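Please read the points in order.

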Amino acid sequence: FQPHMGDMASQLCAQQPVQSELVQRCQQLQSRLSTLKIENEEVKKTMEATLQTIQDIVTVEDFDVSDCFQYSNSMESVKSTVSETFMSKPSIAKRRANQQETEQFYFTKMKEYLEGRNLITKLQAKHDLLQKTLGESQRTDCSLARRSSTVRKQDSSQAIPLVVESCIRFISRHGLQHEGIFRVSGSQVEVNDIKNAFERGEDPLAGDQNDHDMDSIAGVLKLYFRGLEHPLFPKDIFHDLMACVTMDNLQERALHIRKVLLVLPKTTLIIMRYLFAFLNHLSQFSEENMMDPY
């Protein structure tokens with residue numbers, strides 16, 4: 001946890017359900033990092049092999065002087081040291097075309113390798129921060145270190161709505177890398193079935209089973225926020241928030257957004273933090289799910 005302006009706590013420890021989710025996210029990041037490192041290493045090997053091929057092409061073209069000995073008595077010895085490929089040389093234009101194609105392939109692999117390294121670095125930093133946070137949480141035994149000397153108990157009676165918590169938990173477990181998440185429409189029949197189950201007080205997404213359509217789960221979450229009697233972002237502050245976005249100074253923008261949001265009920269702010277933390281986590285997998293952060 002990194003405190004922001006106005007936060008009273010310098011260090012926070014999550015309750016057990018949230019801590020378990022953080023552990024799961026950390027494990028997911030570790031698994032994805034392992035896969036990305038293997039894939040990136042294969043790209044690196046391909047890139048190095050392609051570079052060696054380019055060097056061989058240039059070297060052979062620069063130092064193949066067999067044509068100078070066409071009428072020499074030692075022609076047979078020259079033939080023995082030059083491959084059949086280069087003894088029967090294709091035209092210069094064809095050789096240049098082959099070289100350019102190889103070079104283009106090399107640059108493509110280099111770009112893929114650099115992008116992969118960049119993604120690995122970002123995910124590794126996030127993974128290390130999660131590990132550090134979980135480690136500090138265990139060492140402090142979930143104690144709150146507050147700036148003020150007065151310890152204030154927070155009202156934890158306001159829970160995240162079941163439909164929000166359950167859908168986000170399901171997507172976090174099974175759908176972070178699902179392509180088109182929140183963009184592709186799901187089955188309307190399944191959306192209605194899941195929605196009706198939540199309205200009956202049930203949790204149709206409980207357990208570890210992954211037998212639901214991911215786009216339908218995302219559709220249920222969108223449908224919930226779309227159908228709220230009081231929107232998450234009330235209409236009377238919409239224009240104020242849009243005005244904040246146009247500010248160039250990031251510090252001033254943050255101050256104005258905070259000022260606007262402080263007028264909202266505490267329950268709304270809790271849901272906002274929960275939702276945006278999930279969306280930020282989801283955007284870390286934008287290479288696969290196409291859910292860009294901006």
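1. A nonpolar core is a set of buried Ala, Val, Leu, Ile, Met, Phe, Trp, Tyr and Cys residues joined through side-chain atoms within 4.5 Å; buried means under 20% relative accessible area, exposed over 50%, and partly exposed in between (1.4 Å probe, protein chains only). The largest such core has 43 residues, and C167, I171, I181 and F182 have the most contacts inside it.

2. This is a predicted model, in which local features need pLDDT of at least 70 and side-chain atom pairs count only at pLDDT 80 or more, while totals for chains, interfaces and linings use all residues. Residues are numbered from 1 along each chain as its sequence is written, and side-chain values use heavy atoms, with hydrogens and water left out.

3. F182 is buried, at a relative accessible area of 15%. Leaving aside residues up to four places away in sequence, F182 is in contact (heavy atoms within 4.5 Å) with I171, A218, L221, K222, F278, L279, L282 and M291.

4. The structure holds four aromatic pairs, that is, rings of Phe, Tyr and Trp (its six-membered ring) with centres within 6.5 Å; planes under 30 degrees apart count as stacked, over 60 as edge-to-face and the rest as tilted. The planes of F182 and F278 stand at 70 degrees with ring centres 6.3 Å apart, so this pair is edge-to-face. F278 is buried, with a relative accessible area of 0%.

5. Y224 and F225 form another edge-to-face pair, 5.3 Å centre to centre with 75 degrees between the planes. Y224 is partly exposed at 26% relative accessible area, whereas F225 counts as buried at 18%.
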